[in-house]
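Here are some notes for a colleague who is new to this entry.

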Amino acid sequence: MVEQLSLNNYKQKIADLYNQRSQTYDDTNWHLQICRRLLEYSQVSSGHQILDIGTGTGHLVLEASRIVGNSGRVIGVDISAGMLEQARDKAEALDLGNVEFQLADAELLNFPANSFDRILCANTFPWLENKAATLRLWHQFLKPDGLIGVHTPAETAYVGYVVFREVLARYGVMLEPSNRLGTFEECRKLFLSACFEAVEIKTEQHGSYLSLDKAKAAWGGNSFPTPGQPEKPLSRLSEAQLEQAKAEFEAELEARQTEQGVWDDVTTWYVIGRKPKNSILHSS
Ligand SMILES: C[S@@+](CC[C@H](N)C(=O)[O-])C[C@H]1O[C@@H](n2cnc3c(N)ncnc32)[C@H](O)[C@@H]1O
């Protein structure tokens, strides 16, 4: 029997998206690289109890399993049964005895307080609906002095979307930043407000050149579901505004074109925070 979660509309769309992507998700090496870096920055070591949130096809869990060894344990959670199936198949093929996967919503997890040495989340945090409440929830599961490590793109990531957002703002249509977190400072504040300390954001430059046509294909905005945002932002504009806004969007991208194409920034952030040693449990 296929496991099922009862999800709201928005989350069901995400689960469906990743169920569809699950067969080809591992075709690129990019996500694996990100997971390795996150493990390094969050100083995962032998014996650690790890929770990997939005585990996908299990890149981070499989790497962490090797590092924590037999005295450690790694649990991966995800809302996509398709992604988890890939993860479980890989763990089974490697005969890993210290890993476990659970079909669960990151925002409604239920673990005993002070269970994990590390809570990690790669390429998933922007999807969460209520980030502040979710961080407070995860804080409870972390042991005092434990680390949280979250990877997310920077707000400057994805040129087509960044330019689209800037142009629409001129017409009074406000869209979420690409990382749905905002600036470096806003991100730090979010983690501090969930009672993490020593919050540090390490950045890494990623990106590639796009053809002008591909960059222009971002007109219309995210094809992904985005919480708290109109699904069809262009429907807010009149015919005349639409024409003008599109011309501005295209001109902006044309101005960014070089011989190699349009630079598509995918600057990456690794947010690392610590649960204070003398932390008192607080309710979310
Ligand atoms: C881009 S993939 C990242 C997978 C993996 N962490 C990696 O870096 O390869 C995002 C994953 O987050 C999962 N996801 C999104 N929202 C979630 C939620 N609320 N709870 C649990 N998983 C979620 C998706 O199903 C998907 O597998």
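At 57% relative accessibility, does A198 count as buried or exposed?

1. The model is predicted. A198 counts as exposed, because its relative accessibility is 57% and the cut-off for that class is over 50%. The residue sits in strand β6.

2. Y158 is placed in the loop between β5 and α6, the latter spanning 159-170. Its relative accessibility is 35%, so Y158 counts as partly exposed. As background to both points, most residues other than glycine have a negative phi. A reader checking the backbone may want to look at these two places.

3. The ligand has 22 residues around it, and those that come nearest are G54, D78, A106, A122 and N123. By class, this shell is made up of 11 nonpolar, eight polar and three charged residues. Helices α1 (9-21) and α2 (30-41) each supply at least two residues of the shell. The most comes from α1, which gives three residues.

4. Contacts between polar atoms can be listed for the ligand. In the side chain of D78, an N or O atom is 2.6 Å from an oxygen atom of the ligand. For the side chain of Y25, the distance from an N or O atom to a ligand oxygen is 2.9 Å. I79 takes part through its backbone, with an N or O atom 3.3 Å from a nitrogen atom of the ligand. On its own the ligand has 600 Å² of accessible area, and the protein covers 99% of that.

5. An open sheet of three strands runs in the order β7-β9-β8, and its pairing is antiparallel. The edges are taken by β7 (207-210) and β8 (257-258); each has a single partner strand, so one side of each has no neighbour in the sheet. In general, strands of a sheet pair through backbone hydrogen bonds.

6. The pairing within this sheet can be followed residue by residue. Strand β9 (residues 261-265) is joined to β7 by four bridges in the antiparallel sense. Across this pair, G207 has D265 as its bridge partner in β9, and Y209 has W263. The strands β8 and β9 form a hairpin, with two residues between them. Strand β9 is mostly covered, since four of its five residues are buried.

7. The largest nonpolar core has 31 residues. Those with the most contacts inside the core are L51, I53, L109, F125, L135, W138 and F191. Several elements each supply at least two residues of this core, among them strands β1 (49-53), β2 (73-78) and β10 (268-274), and helix α7 (184-193). Its largest share, four residues, comes from α5. As a general rule, nonpolar side chains tend to be buried together in soluble globular proteins.

How values were computed:
Residues numbered from 1 in each chain as written. Predicted model: local features only at pLDDT ≥ 70, side-chain atom pairs only at ≥ 80, totals over all residues. Heavy atoms only, no water. Near = heavy atom within 4 Å. Polar contact = N/O pair within 3.5 Å; in protein donor to acceptor, adjacent residues only side chain to side chain. Areas by Shrake-Rupley, 256 points an atom, 1.4 Å probe, with all protein chains shown as cover. Nonpolar A, V, L, I, M, F, W, Y, C, P; charged D, E, K, R; others polar. Pairing = 2+ DSSP bridges. Core = buried A, V, L, I, M, F, W, Y, C linked by side-chain atoms within 4.5 Å. Buried < 20%, exposed > 50% of the residue type's maximum accessible area, 1.4 Å probe, protein only.
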